[in-house]
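Colleague: Could you walk me through how a few labels in this model were assigned?

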Amino acid sequence: MQINTTASIRGSRKMGWILIIVAIALSYFAFTCWQGTQAFIAKAIETRGVVVDLQTDREGVAFPVFQFTTQVGHTITIVSNTGTKPPSYHRGESVSILYLAEHPKDATINSFFSLYLFELILSIFAVVFGLFGAGLLHLHSRRNQKAKDNLDNTAQNQPPLVD
């Protein structure tokens with residue numbers, strides 16, 4: 001059984017470039033999301049709230065339910081979209097809340113993971129895809145160089161052609 005190394009080398013090169021492009025796209029998306037979070041933080045009103053409950057899903061991940069009062073006196077209760085196992089918060093805990101005056105129901109707890117978890121996950125995937133892509137391109141380059149070296153050695157060991 002013979003393996004077509006030329007096709008394998010081309011395949012690793014193509015896959016390397018695909019992974020690099022995916023990494024760049026994920027990085028761009030993470031950066032765009034980060035900019036959106038920064039814009040939210042810049043316009044948000046900070047207030048204090050309290051964790052009134054914890055909602056737990058089937059896997060045991062606890063999502064804090066927090067309550068706060070807006071500047072105009074409305075009481076808002078929200079289930080956080082970021083949960084942890086074990087719970088990061090407990091009932092009655094005071095938390096910093098960020099919200100927009102025009103959209104108080106889009107409030108979030110002012111913590112690194114509540115604000116940047118999505119960007120962090122995208123960035124980790126971008127780094128992993130980028131490293132794998134770079135590794136495949138490096139592997140392609142080394143294989144290509146070895147093939148050229150072998151071809152040069154073979155050509156040098158051939159007897160001269162006589163007319």
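Modeller: Happy to; some residues and their labels follow. This is a predicted model, where local features need pLDDT of at least 70, side-chain atom pairs count only at pLDDT 80 or more, and totals for chains, interfaces and linings use all residues. Residues are numbered from 1 along each chain as its sequence is written, and side-chain values use heavy atoms, with hydrogens and water left out.

Colleague: Why is T70 called buried?

Modeller: Buried means under 20% relative accessible area, exposed over 50%, and partly exposed in between (1.4 Å probe, protein chains only). T70 has a relative accessible area of 8%, so T70 is buried. T70 lies in the loop between strand 2 (62–69) and strand 3 (75–79); strands here are DSSP runs of E, at least two residues, and helices are runs of H or I, at least four, numbered from the N terminus.

Colleague: And why does T77 count as partly exposed?

Modeller: T77, which sits in strand 3, has 43% relative accessibility, and therefore counts as partly exposed.

Colleague: What makes the link between the side chains of T77 and Q67 a polar contact?

Modeller: A polar contact is a pair of N or O atoms within 3.5 Å; within protein, one must be able to donate a hydrogen and the other to accept it, and residues adjacent in sequence count only if both atoms are side-chain atoms. The T77 and Q67 side chains are joined at 2.8 Å. Their C-alpha atoms are separated by 4.3 Å, although the two are 10 residues apart along the chain.

Colleague: Why is I124 called partly exposed?

Modeller: I124 belongs to helix 2 (residues 112–156), and its relative accessibility is 48%, so the partly exposed label applies.
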